[in-house]
Amino acid sequence: KVPAEIIVNDNLEELLLQELRDSCCPDHGGNSFIPALRQAANVASLPGIVGASLAMPDVHSGYGFCIGNVAAFDMNDPNAVISPGGVGFDINCGVRLIRTNLTEKDVDYETTEKLADALAKHIPVGVGVDGVIPCTKEDLDDILLNGVDWAVRLGYAWEEDKEHCEENGRMDTADPDCVSEKAKRRGLKQLGTLGGGNHYAEIQLVDEIYDPRAAETLGIGKVGQVCIMIHTGSRGLGHQVATDALTVMEKAMDRDHISLNDLQLSCARIQSREGKEYLAGMSAAANYAWVNRSCITYLTRKAFKEVFHREPDDMDMHLVYDVCHNIAKVEKHVIDGVEKTLLVHRKGSTRAFPPHHPNIPKDYQSIGQPVLIGGTMGTCSYVLVGTQRGMSETFGSTCHGAGRALSRNQSRKRLDHSEVLEKLKKDGIAVRVASPKLITEEAPESYKNVCDVIETCQEAGISEKVVKLKPIAVIKG
């Protein structure tokens, strides 16, 4: 057992305590969910965990692990486990940022509306929607094994894109044979789709620059510069991989006499057959997610070309970076002065490696790994970089977004979708949504203040601010 450590400021602490109170109150659903504080403590008792069960400032209740949880397990401990609840159902849900050489003067109201229409036309959005990128069964196995390399070969990504993806857009622990036929069927038709929920494609402007040198290194050093942020994951394929693993692991726990205080923490020994197969299947789903975001980038470049009548390369539509925030990865970290090989689970948290780390791109070595933090619909987003303190104290991890303050059910009950859409319009934000009535679930009022989350990470020293971005158009499911 290890401690559970929560990184919050006073405002965020109160929201966390309110969630705890709600979980105990019959008026708020009784024991229908486990609060994040208890989940972080439950994770701290899992076999083979080292350091601490950490929760980032955007923490809230999730499935098994809380959202915002970081937990590392010693690969050389025969009792150490891997848990799908520590990754989440949307494997490699992540964010990427594309820069341009366009500026605010290039995107007046009329142009922004045209861009929103073009993105909505080219990018399929919504739950269960089919994609427009052709994908055969052979293609899918290639994607699951090779990730972004497939997209580069077929012209859906630029060669340099993969250099600016975490893991270069490919986890070499992947094995397509560890992905079920049902998961593959779900993935075949969904390539290049956003999905629903909190997933989006957003046109943004650089609003504030905190670190000019880092911003220039990333190619986003001008206030008013146009960027595009994409947030989505592995779609139905990843969800099925997680569902399949949970079923298998229940039997493995009985066999290996693994006792848990929450069945949502279903797990398997890392070195067991079930543990190895889940790691391989999860890695394959992660590769699918990188290709999915690559295909959406291809469609985004196509939409901008249609509106501006210029080639994407002429508009400098290069990938700044692509991060994942639902993943488990084998990494080396120092524990009590000794370097160990760990399996680091990050669920609703982002890897944030420091300057000069070998696993970040060569052109970013001097500033550290870029960290992309999407805000809520209609609010600001951030670009951060990792720090050495974060590497030492949080396994090189930081937050991933604002984090929910209201459950989806609470949001639907308290908010009116027409009022939410009207406010976005008044703020000058073009919105295209597939399901307007579900927009209340993603309203700013449903989430914590992302600025609180970012400032808490800054004060804790686990990441540093580089740029703030503000939205001018959003496309959602």
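With a disulfide defined as a pair of cysteine sulfur atoms within 2.5 Å, the count comes to 0 disulfides. Cys 165 is in no disulfide, and the nearest cysteine sulfur, that of Cys 324, lies 9.6 Å away. Cys 165 counts as buried, with 3% relative accessibility; buried means under 20% relative accessible area, exposed over 50% and partly exposed in between, with a 1.4 Å probe and protein chains only. Cys 380 is likewise in no disulfide, its nearest cysteine sulfur being that of Cys 451 at 3.8 Å. At 13% relative accessibility, Cys 380 also counts as buried.

This is a predicted model, in which local features need pLDDT of at least 70 and side-chain atom pairs count only at pLDDT 80 or more, while totals for chains, interfaces and linings use all residues. Residues are numbered from 1 along each chain as its sequence is written, and side-chain values use heavy atoms, with hydrogens and water left out.

Now the helices. Helices are DSSP runs (H or I, at least four residues) numbered from the N terminus. Two packed helices are described by the angle between their axes and the distance between the axes. Axes are lines fitted to C-alpha atoms over the stretch in contact, and angles run from 0 to 180 degrees between N-to-C directions.

Helix H4 (residues 137-146) and helix H9 (residues 273-308) have axes that come within 6 Å and cross at roughly 105 degrees. H4 and H9 are therefore roughly perpendicular to each other (under 35 degrees is roughly parallel, over 145 roughly antiparallel, 65 to 115 roughly perpendicular and the rest oblique). In contact (heavy atoms within 4.5 Å), the H4 residues include Leu 140 and Ile 143, and those of H9 include Ala 284 and Tyr 288. By class, this contact has 8 nonpolar, 2 polar and no charged residues; Ala, Val, Leu, Ile, Met, Phe, Trp, Tyr, Cys and Pro count as nonpolar, Asp, Glu, Lys and Arg as charged, and the others, Gly among them, as polar.

H9 also packs with helix H3 (residues 109-122): their axes come within 9 Å and cross at roughly 140 degrees. That angle makes H3 oblique to H9. Among the residues in this contact are Lys 114 and Leu 115 of H3 and Ala 303 and Glu 306 of H9. The contact of H3 with H9 divides into 8 nonpolar, 3 polar and 4 charged residues.

Finally, helix H6 (residues 181-188) and helix H8 (residues 235-256) pack at about 165 degrees, with axes 7 Å apart. H6 is therefore roughly antiparallel to H8. Their contact has 3 nonpolar, 4 polar and 3 charged residues.

Notes
Helices (H or I, at least four residues) and strands (E, at least two) are DSSP runs, numbered from the N terminus.
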